[in-house]
Amino acid sequence: MTDKKLTTTAGAPVADNQNSLSAGPRGPLLMQDYQLLEKLAHQNRERIPERTVHAKGWGAFGTLTITGDISKFTKAAALQPGAKTEMLLRCSTVAGELGAADAERDVRGFAIKFYTTEGNWDLVGNNTPVFFVRDPYKFPDFIHTQKRHPKTNMRSPTAMWDFWSLSPESLHQVTILMSDRGLPTDIRHINGYGSHTYSLINAKNERVWVKFHFKTMQGHKHWTNKEAADIVGHTRESTQEDLFTSIEKGDFPKWKVQVQIMPEADVGKHWYNPFDLTKVWPHGDYPPIDIGVMELNRNPENYFAEIEQAAFSPSNIVPGISFSPDKMLQARIFSYADAHRYRLGTHYEHLPVNAPKCPVHHYHKDGPMNFFGQQTGSTDAYYEPNSFNGPVEDKSALEPPLAISGDAERYNHRDGNDDYRQVTALFNLFDKDQKARLFTNIAEAMWGIPDFIAERQLAHFKKVHPEYEAGVRTALEHMTRAKASEATRQQKMPQGAQAAE
Ligand code: HEM
């Protein structure tokens with residue numbers, strides 16, 4: 001028997017948690033059974049809005065350890081040689097809702113919160129170095145094609161391929177999504193990428209451009225579509241099971257942390273725009289540099305409090321690490337904190353999982369659920385400037401000026417952009433079997449869409465490589481024949497046999 005007494009949320013003892021208070025054994029109930037009212041009212045409030053994207057996720061805590069030396073590029077305390085920083089990783093699928101199956105072909109989110117001594121640094125990336133679109137205007141439309149059709153309430157391959165075939169900048173990411181890496185067995189066996197170009201700033205206030213990579217030390221593991229269908233038939237929580245049990249048994253997953261560094265002056269020297277999220281920086285131009293290891297070693301105690309309520313935002317940067325002109329990144333600086341205020345509430349940064357582990361001093365006041373009081377160290381300092389020793393700005397965090405050239409204009413992001421070249425390079429890396437799986441995966445994903453959309457997409461594949469288009473076309477024809485012979489077989493069956501089959 002426990003000696004802990006059950007109480008109401010106000011701390012008063014609960015005398016009976018099994019039988020409601022009624023006027024006689026057959027009822028009715030009395031309004032004064034406050035404990036019952038409280039219990040029912042709380043149940044009504046147990047759900048919060050799920051994330052509009054990346055709703056299904058899995059997370060764990062761990063450590064970032066820096067072993068390399070990039071101090072000449074950055075003054076960030078968390079990136080100095082020997083630094084150890086507590087962190088939280090939440091991975092996710094993009095399109096599925098909160099209860100979706102884990103083993104789905106989809107991009108995996110790779111969102112990290114580093115609790116640094118200078119504030120929280122969030123790197124909210126994916127398991128791919130590129131993305132489907134390069135202008136944030138396109139993001140809500142793209143996501144509409146991934147979610148449910150307004151009338152059928154089903155996912156729509158027609159919408160997906162219509163959008164992709166009209167947006168050739170998506171080819172790079174679509175090719176990765178339809179390749180082996182598009183259906184990983186779990187998150188221990190994927191890479192993570194910051195994806196965007198960010199900047200590093202050193203103690204002399206000089207800037208370089210940077211990309212962050214997290215390379216799995218467990219190796220890559222993937223499922224075929226068929227294997228994944230079998231897995232989903234057995235469990236919808238395959239990734240959750242894998243991550244949770246490996247950490248529980250002390251088998252801690254690790255990632256090698258790397259950066260690619262580009263001097264500020266290199267912008268404009270290449271055929272690709274280094275701030276275009278649909279492009280990678282070729283390793284030949286900018287070799288990855290090892291800087292440390294990230295390890296996951298602690299499961300959350302409470303999934304809802306620590307993973308569902310986790311709020312990651314690309315707007316969270318720290319001195320020595322900053323933004324870049326990437327238009328997608330710029331838009332995300334707005335979107336995430338806005339989403340969190342809606343999903344979690346005004347003071348979401350004060351929830352324990354989101355709270356920085358360094359001192360926090362701000363002048364934001366009041367609002368729902370202010371449980372932290374005055375953050376300025378003085379009750380008289382509730383505005384700024386003040387004469388009561390309140391916190392003041394720190395000019396040492398000023399960044400070097402960013403040279404910008406160009407007129408304010410709605411520049412066509414497709415003008416002069418080569419959407420095929422890097423996809424050709426990727427396609428050429430695939431061996432025969434990888435290509436065969438790519439063709440089949442695409443054919444299966446395209447099955448049933450209108451011919452004119454399929455043809456428009458095939459034309460893009462042809463521009464990447466004639467073999468790419470021919471492979472997908474043959475796979476589509478093969479599927480058509482297989483479906484037709486299956487339909488004929490069904491028609492020829494004696495009546496009643498179909499139901500029995
Ligand atoms: C303009 C483009 C984008 C917009 C407007 C956008 C917006 C959002 C929003 C509103 C959420 C839900 C946040 C929440 O409720 O907590 C989200 C989640 C997420 N997004 Fe994006 N997104 C964009 C592009 C990207 C890109 C390019 C990446 C990766 C490179 C990415 C990775 C993620 C991840 C990993 C999450 C889940 C974070 C978590 O685990 O809580 N997004 N995005």
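Trainee: How many Å separate the centres of domain 1 and domain 2?

Mentor: Over C-alpha atoms, 30 Å separate the two centres. Domain bounds come from an automatic or database domain assignment. Here domain 1 is 57-365 and domain 2 is 421-494. The model is predicted: local features need pLDDT of at least 70, side-chain atom pairs count only at pLDDT 80 or more, and totals for chains, interfaces and linings use all residues. Residues are numbered from 1 along each chain as its sequence is written, and side-chain values use heavy atoms, leaving out hydrogens and water.

Trainee: How many residues of each domain are in contact?

Mentor: Contact means heavy atoms within 4.5 Å. By that rule, 24 residues of domain 1 touch 22 residues of domain 2.

Trainee: What area do domain 1 and domain 2 bury between them?

Mentor: Buried area is the accessible area (1.4 Å probe) that two parts lose on being put together, summed over both. For these domains it is about 2100 Å², with 63% on carbon and sulfur atoms.

Trainee: How many salt bridges does the rule find across this interface?

Mentor: A salt bridge needs a side-chain nitrogen of Lys or Arg within 4 Å of a carboxyl oxygen of Asp or Glu. The rule finds two across the interface of domain 1 and domain 2.

Trainee: Is S195 buried or exposed?

Mentor: Buried means under 20% relative accessible area, exposed over 50%, partly exposed in between (1.4 Å probe, protein chains only). S195 counts as buried because its relative accessibility is 10%. Its phi is near 65 degrees, a positive value in a residue other than glycine.

Trainee: And M369, buried or exposed?

Mentor: M369 is exposed, at 68% relative accessible area. Phi of M369 is also near 65 degrees.
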